[in-house]
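Visitor: I am new to protein structures and would like to learn how to read one. Could you walk me through it, feature by feature?

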Number of protein chains: 2
Amino acid sequence: MSARNAFYAQSGGVTAVINASACGVIEAARRCPEKIANVYAGRNGIIGALTEDLIDTSQESDAAIAALRFTPSGAFGSCRYKLKSLDANRREYERLIEVFKAHDIGYFFYNGGGDSADTCYKVSQLSESLGYPVQAIHVPKTVDNDLPITDNCPGFGSVAKYIATSALEASFDVRSMSRTSTKIFVLEVMGRHAGWIAAAGGLIETQNIPVLILFPEIEFNQEQFIAAVKEKVAQFDFCTIIVSEGAKYPDGRFLAEQGTRDAFGHAQLGGAAPVVANLIKDATGYKFHWAVADYLQRAARHLASKTDVEQAYAMGRAGVEFALAGHNAVMPTVKRLNHAPYAWEVGMAALADVANVEKFMPRDFISADGFGITELCRQYLTPLIQGEDYPPFEYGLPKYVTLKNAAVAKKLTAFEV
Amino acid sequence: MSARNAFYAQSGGVTAVINASACGVIEAARRCPEKIANVYAGRNGIIGALTEDLIDTSQESDAAIAALRFTPSGAFGSCRYKLKSLDANRREYERLIEVFKAHDIGYFFYNGGGDSADTCYKVSQLSESLGYPVQAIHVPKTVDNDLPITDNCPGFGSVAKYIATSALEASFDVRSMSRTSTKIFVLEVMGRHAGWIAAAGGLIETQNIPVLILFPEIEFNQEQFIAAVKEKVAQFDFCTIIVSEGAKYPDGRFLAEQGTRDAFGHAQLGGAAPVVANLIKDATGYKFHWAVADYLQRAARHLASKTDVEQAYAMGRAGVEFALAGHNAVMPTVKRLNHAPYAWEVGMAALADVANVEKFMPRDFISADGFGITELCRQYLTPLIQGEDYPPFEYGLPKYVTLKNAAVAKKLTAFEV
């Protein structure tokens, strides 16, 4: 069988290590030119495939591809775009096949979270449903850590390390100031549905830092929360609060949705952190500060977890190995063998079992009062933030790579998405 | 002359490197036991002196003191407490002398910004005004970088490195997402009066990142700003905005003060970042994300500037050397000798010239349109973020020191502050 081309695309919110997976895919493909002629990357994810906007990765030097390993963000661009079902939008699938045929694409690597696992699964069925031979492999990525089967998701470990470190540093700061000034520090973190990132803030408790966590999985009970804050301040004179952007009132409203209006009557987009800070202020009078880390947390490659970088790379490489071994409709996974010393290996999951399943924090990872993590959770999280993997610096700043991203010549007529 | 004791205290907002100055003071003092018997640290700054709440630093091992060099926050506690003038509050000065006498304190090292330089200057006058012999040395510290005479202030370089790195990483992230999602990223940074920290965000422009900065020194012109945002997005498809917490409307109101009310009519404390993000959204429809770094930026020892750490340490050590050489009412400074290659040496300023003077961004450091930095500014800032100085890590987190902070036995009656 002669070599065919591979398509690789990044999907959804990017991370500090999704490019490490890209690096794993491209380096593994370059080692097998007899089977994979070239890797075409989709410019801005699957949109690049639909619009035939393909990036010729063979134009990039080995050094540039190696630099992807320490460069955050999506080097080829990502997108938020979910393919509908074949029945609902047959036109898009037919277009994909048209593009794949035009560029002799036999391998489809899709690097993303839950939604993209679903897209990838649909593409994997194209050989059967539309008679085009393609092997589709999903490469897992999500800071939310909510994919099933895999022990954890590349991207998460680095965010967890960033949040735990930042919360530790800010807590030391507040502890210094609490005598005459700030007693409460509120840090808002990502995780609209699952509290994995928020849980990482709990890792600093072992350093004698008082932490309360507001998880999306636990209904917000204002009275119990304020009581818990007062108790911590009574004991420590300060308290750090980690609030998930997904924290909710019992009626399902997000804490961040306060229905506030500005002077012109426009709805005011706040964050959960200022809301929580003001609740505490109203109830206790304590001075506060709050921070919203937002993209800083998922882009913070300067503080990536070495474990996470290695796993992200391994997932990309394993994706190619699975494809070359003839697999279709699968996803490499991280399989934990031991907590401490930490040991893991690459596993394999069927995409049919991955698509559209979300993994939440188990109740026994959350303390009985709902505001902390348990020893089980700590055991789970600790290995994931292990090790540092600093990028190179130049003139005081990280030296990240920006690729040439040269376009492959188009062969087809335009297509609107 | 027999050895006397030294008093050291941390004042105002803490930084990633103020403990490096403490380390410099204590290590230098330990090298001269014939002149400085012990360093007593004020628990929670000057309040510790007033309340006779002194920390016996001789109880700390050399290793613990050395670890201060890589530990953020104020290890002895800080405070926001400004001594009034001798005329206005003679009682406090007399109490200070009472405490100094009781513990044979002959050296007063005060580690802080503008306000504490003023306090330190007042203390330095005590020998003359109240007949107690004490040498008062101010050790400069402020992330705001607004002290006069010194080329820069310890604490600033690390925040600048953190803000530039974070803005770079988040900009890479947004660039990945701009095709179908976020086009605007707004990062709010500290600096209520001076735009030095905001200026650091401009350092990433040389990496082909579109950045607009809102300085406290420049009146906010909404129309020009929106036009500039549109221009950047037309060219790059995304734009990063760095907004100082001190950015103001022409009428003097802070951008952050929107007079917004929640559902219960409470004044809503927002930040400048969501305000700017919503202004852009209303004018252009672009999707946005925003972050407020708050304490994360000044506590981020994990990303400290090596230059900053070295200068912070040197300022502490020089403070002791100045005292031992017989100086009073002075502050060590950073004297720049050359931009590139960067060279500096320790200088000395008279406190009379430092107290109550704020140094703002010179107009020629800000671009003509008011939204960026000039080459002059870049030349000034670049050396200050040079070099990395990572703390040790354990179990995936920085291993910062928490001191024993054993109290010195009290000899006096209580004093209320």
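Visitor: Let us start with the two chains: how many residues of chain A are in contact with chain B?

Guide: In this predicted model, 79 residues of chain A are in contact with 78 residues of chain B, where contact means heavy atoms within 4.5 Å. The copies meet through the same surface, because 99% of the interface residues of chain A are also interface residues in chain B.

Visitor: What area is buried between chain A and chain B?

Guide: The size of an interface is often given as the accessible area lost when the parts come together. Here about 6,400 Å² is buried between chain A and chain B, with carbon and sulfur atoms giving 60% of that; this is the accessible area (1.4 Å probe) that two parts lose on being put together, summed over both. A:Glu169, A:Tyr295 and A:Leu296 supply 11% of the area that chain A buries against chain B, more than any other three residues.

Visitor: Which rotation superposes chain A on chain B?

Guide: Two copies of a chain are related by a rotation about an axis and a shift along it. For chain A and chain B, the rotation is 180° with 0.0 Å of shift along the axis, and the RMSD is 0.0 Å. The two copies are therefore related as by a two-fold rotation axis. In chain A, A:Val292 has the C-alpha nearest the axis, 2.5 Å from it. The superposition is by least squares on the C-alpha atoms of residues with pLDDT of at least 70 in both copies.

Visitor: How should I read residue numbers, chain letters and the limits of the model?

Guide: Residues are numbered from 1 along each chain as its sequence is written, while chains are lettered from A and ligands numbered from 1 in the order in which they are written. Local features need pLDDT of at least 70, side-chain atom pairs count only at pLDDT 80 or more, and totals for chains, interfaces and linings use all residues, with side-chain values using heavy atoms and leaving out hydrogens and water.

Visitor: Why is strand β9 of chain B largely enclosed by the rest of the structure?

Guide: Four of the five residues of β9 (288-292) of chain B are buried, so the strand is largely enclosed. Buried means under 20% relative accessible area, exposed over 50%, and partly exposed in between (1.4 Å probe, protein chains only). Strands (E, at least two residues) and helices (H or I, at least four) are DSSP runs, numbered from the N terminus.

Visitor: How many bridges join strand β6 of chain B to β9(B)?

Guide: Two strands pair if DSSP finds at least two bridges between them. Five bridges join β6 (184-189) of chain B to β9(B), and these strands run parallel. B:Ile184 stands opposite B:Phe288 in β9(B).

Visitor: Where is B:Gln297 found?

Guide: B:Gln297 is in helix α11 (295-299) of chain B, and it is buried, with a relative accessible area of 2%. Its side chain reaches the backbone oxygen of B:Asp294 at 3.0 Å.

Methods: Polar contact = N/O pair within 3.5 Å; in protein donor to acceptor, adjacent residues only side chain to side chain.
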